[in-house]
Amino acid sequence: MMLNSSEKFPTPDATEHFVEQINEQLSQGIFDAENSQLLEGMVEALADKRGLVRLSLVEAFGKIGQPAVPFLVEALTHHSNPVVRRSSAKALAKIRQPDTISHLIGAMVKDEDTVVRSSAAGALAGIGSAALPALLEVIAGEYPEPVKGQATWAIARAGVEAVEPLHLALKSDKTDI
């Protein structure tokens with residue numbers, strides 16, 4: 001099911017006001033993370049043409065954390081607007097939930113938008129060693145070289161916690177690994 005990027009906010013001012021309210025609620029500790037309409041509205045606001053507005057929403061999703069994950073995963077995998085998919089991947093990078101690995105891998109290998117693929121790779125890098133098995137499968141799999149390059153990039157940025165799993169991966173009989 002593809003979501004529409006319908007015009008939920010009729011003006012840039014309406015979007016700005018919405019984002020200000022969210023940030024105010026987050027700073028006061030009164031944000032209702034159980035309000036699905038609010039979270040869906042935030043996802044739709046990621047379609048805003050202004051990078052600073054999208055960045056503010058990505059940061060807000062990072063503060064919200066786990067309750068936002070299903071909405072962001074849905075947008076990453078099904079939204080018709082690549083800007084929303086890109087920003088959803090960036091928000092998932094802030095949240096760093098291992099249960100999103102398969103969705104991020106899917107976006108990295110299947111999405112037609114290069115920035116979505118790169119943003120998914122960045123989110124996988126942020127998840128760290130938990131993402132390594134899936135990233136190594138991409139490197140060993142039948143994927144185009146740019147996709148394998150993104151997986152390699154994500155592994156290179158996975159941090160020191162990835163060193164031990166990488167040492168084990170060196171024993172693989174798969175040449176690409």
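In helix α4 (residues 69-78), the buried residues are Val69, Leu72, Val73, Ala75 and Leu76. Buried here means under 20% relative accessible area, with exposed being over 50% and partly exposed in between, using a 1.4 Å probe and protein chains only. Looking down the axis of α4, these buried residues stay within an arc of 165 degrees, so they line one face of the helix. That arc is taken from the directions from the helix axis to the C-beta atoms. The buried residues of α4 pack against α2 (36-45), α3 (51-64), α5 (82-95), α6 (101-110) and α7 (114-127).

All of this comes from a predicted model, where local features need pLDDT of at least 70, side-chain atom pairs count only at pLDDT 80 or more, and totals for chains, interfaces and linings use all residues. Residues are numbered from 1 along each chain as its sequence is written, and side-chain values use heavy atoms, with hydrogens and water left out. The protein chain averages a pLDDT (the predictor's confidence in each residue, from 0 to 100) of 89, and 86% of the residues score at least 70. Over residues 1-7, though, the pLDDT is below 50, and this stretch has 17 contacts in the model beyond near neighbours in sequence; a contact means heavy atoms within 4.5 Å.

As for the overall build, the protein chain has 10 helices and zero strands. Helices (H or I, at least four residues) and strands (E, at least two) are DSSP runs, numbered from the N terminus. Of the 177 residues in the protein chain, 43% are buried. Among contacts with a separation of 6 or more, 67% are between residues 24 or more positions apart.

Next comes the pair α6 and α7. Two packed helices are described by the angle between their axes and the distance between the axes. For α6 and α7, the angle is about 150 degrees and the axes are 8 Å apart. Axes are lines fitted to C-alpha atoms, for helices over the stretch in contact, and angles run from 0 to 180 degrees between N-to-C directions. On the α6 side, Ile101, Leu104, Ile105, Ala107 and Met108 meet Val116, Arg117, Ala120, Ala121, Ala123, Leu124 and Ile127 in α7.

Leu124, which sits in helix α7, has 0% relative accessibility and so counts as buried. Leaving out residues up to four places away in sequence, Leu124 touches Ile101, Leu104, Ile105, Met108, Ala131, Leu135 and Ala154. The C-alpha atoms of Leu124 and Ala158 are 7.9 Å apart, although these residues are 34 residues apart along the chain.
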